[in-house]
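This report describes how parts of one protein chain pack together. Please examine the sequence and the structure shown below before reading on.

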Amino acid sequence: MNVTSRFTQEMVSLAESYSDDADEAAAPEGGGSFADYAMITLHGLRILLDESYEMTIDRLEVMPPILDIIGLESDDLPHPSTLNKWFDKITIDVWRVLLRLSAQLHEPSDHVAVDATYYDRSRASKHYCQRTNYRVQTLEATKLVDTESQAILDVHCTTTKEGSDAEICAQLARRWPGELRVLAADKGYDSQWLRTTLREMGIRPLIKHRLHAAYDHAHNARIDDELYGQRAMTETVNSSVKRSLGVAVRARAWYREFREIVLMCLVYNIKRAIKP
């Protein structure tokens, strides 16, 4: 069984475990709608294949074994515009739940690290940019990564500079109450408020101090170098996601771009889980 088939099986399994219509047929029957798990899986395949909506449908039409796993036939495939509209129906909360489920495929540890990276927003016409105030050319994605399995546990996205890195880190940690023991981050997250907040959540912070005074050297010397060194796994993960799934998002609207980033992390987790 090839990688695409194994990926599809895992994607369908995760989607069915979350969807309310897992017992329903994937294709519309009697004027109904596509099952949620089918459309979620098609979007996962779109990211895996790194294709547009049109090319995704075209490629799947000649991949009957993949369609059979989903429960579809070539004549059942939605029109590309239908697949596009479904991306608005699947909220980011759904993608976050699926991301968490995909991380559990790796049996994550309680030692995590945080780091940010940037994705390009796909080029748009000058007319579109003026009409929609499409001025920001990159978006920031801050990922919470399990340093042992290199699975992505969570991700925060923004197109603005509002909020500090420390606030974003704390927000990600709060989504995993009681499940994290150690959190590592570089000097960009240097904040006494963040360290205090993490300790209150029962998390040991491993965050280097910026060197402003002699005692900052002393603080850094007390950090466990071996544990802190695993923070580099976040850079490895960011590089792997970009190399395999792309450095840019295809969507135009910011909320669709955020969903696309979460979906890319989900696809990365599944690809890593099925890797021989």
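## Helix 1 and helix 6

The axes of helix 1 (residues 3-18) and helix 6 (residues 92-103) come within 10 Å and cross at roughly 120°. Axes are lines fitted to C-alpha atoms, for helices over the stretch in contact, and angles run from 0 to 180 degrees between N-to-C directions. Helices (H or I, at least four residues) and strands (E, at least two) are DSSP runs, numbered from the N terminus. The model is predicted: local features need pLDDT of at least 70, side-chain atom pairs count only at pLDDT 80 or more, and totals for chains, interfaces and linings use all residues. Residues are numbered from 1 along each chain as its sequence is written, and side-chain values use heavy atoms, with hydrogens and water left out.

Helix 1 and helix 6 are therefore oblique to each other; angles under 35 degrees count as roughly parallel, over 145 as roughly antiparallel, 65 to 115 as roughly perpendicular and the rest as oblique. On the helix 1 side, Met-11, Leu-14, Ala-15, Ser-17 and Tyr-18 meet Val-94, Trp-95, Val-97, Leu-98, Leu-101 and Ser-102 of helix 6, where contact means heavy atoms within 4.5 Å. The residues of this contact comprise nine nonpolar, two polar and no charged. Ala, Val, Leu, Ile, Met, Phe, Trp, Tyr, Cys and Pro count as nonpolar, Asp, Glu, Lys and Arg as charged, and the others, Gly among them, as polar.

## Helix 1 and helix 13

Helix 1 also packs with helix 13, at an angle of about 120° and with the axes 10 Å apart. Helix 1 and helix 13 are therefore oblique to each other. In this contact, Val-3, Arg-6, Phe-7, Glu-10, Met-11 and Leu-14 of helix 1 meet Leu-263, Leu-266, Val-267, Ile-270, Lys-271 and Ile-274 of helix 13. These residues divide into nine nonpolar, no polar and three charged.

Which residues of helix 5 (residues 80-89) are buried? They are Pro-80, Leu-83, Trp-86 and Phe-87, buried meaning under 20% relative accessible area, exposed over 50%, and partly exposed in between (1.4 Å probe, protein chains only). Seen down the axis of helix 5, these buried residues fall within an arc of 115°, so they line one face of the helix; the arc is that of the directions from the helix axis to the C-beta atoms. They pack against helix 2 (36-49), helix 3 (53-61), helix 6 and helix 13 (254-274). The face of helix 5 turned away from its buried side carries the exposed residues Lys-85 and Lys-89.

Helix 3 has Tyr-53, Thr-56, Ile-57 and Leu-60 as buried residues. They cover an arc of only 95° around the axis, which puts them on the same side of helix 3. Their cover includes helix 2, helix 4 (64-70), helix 5 and helix 13.

## Two buried residues

Ala-27 lies in the loop between helix 1 and helix 2 and is buried, with a relative accessible area of 13%. Not counting residues up to four places away in sequence, Ala-27 touches Ser-33, Phe-34, Leu-72 and Asp-76.

Val-112, in strand 1 (residues 111-121), is buried with a relative accessible area of 0%. The C-alpha atoms of Val-112 and Thr-234 are 9.0 Å apart, although the two residues are 122 residues apart in sequence.

## The chain as a whole

The protein chain contains 13 helices and six strands. Buried residues make up 50% of its 276 residues.
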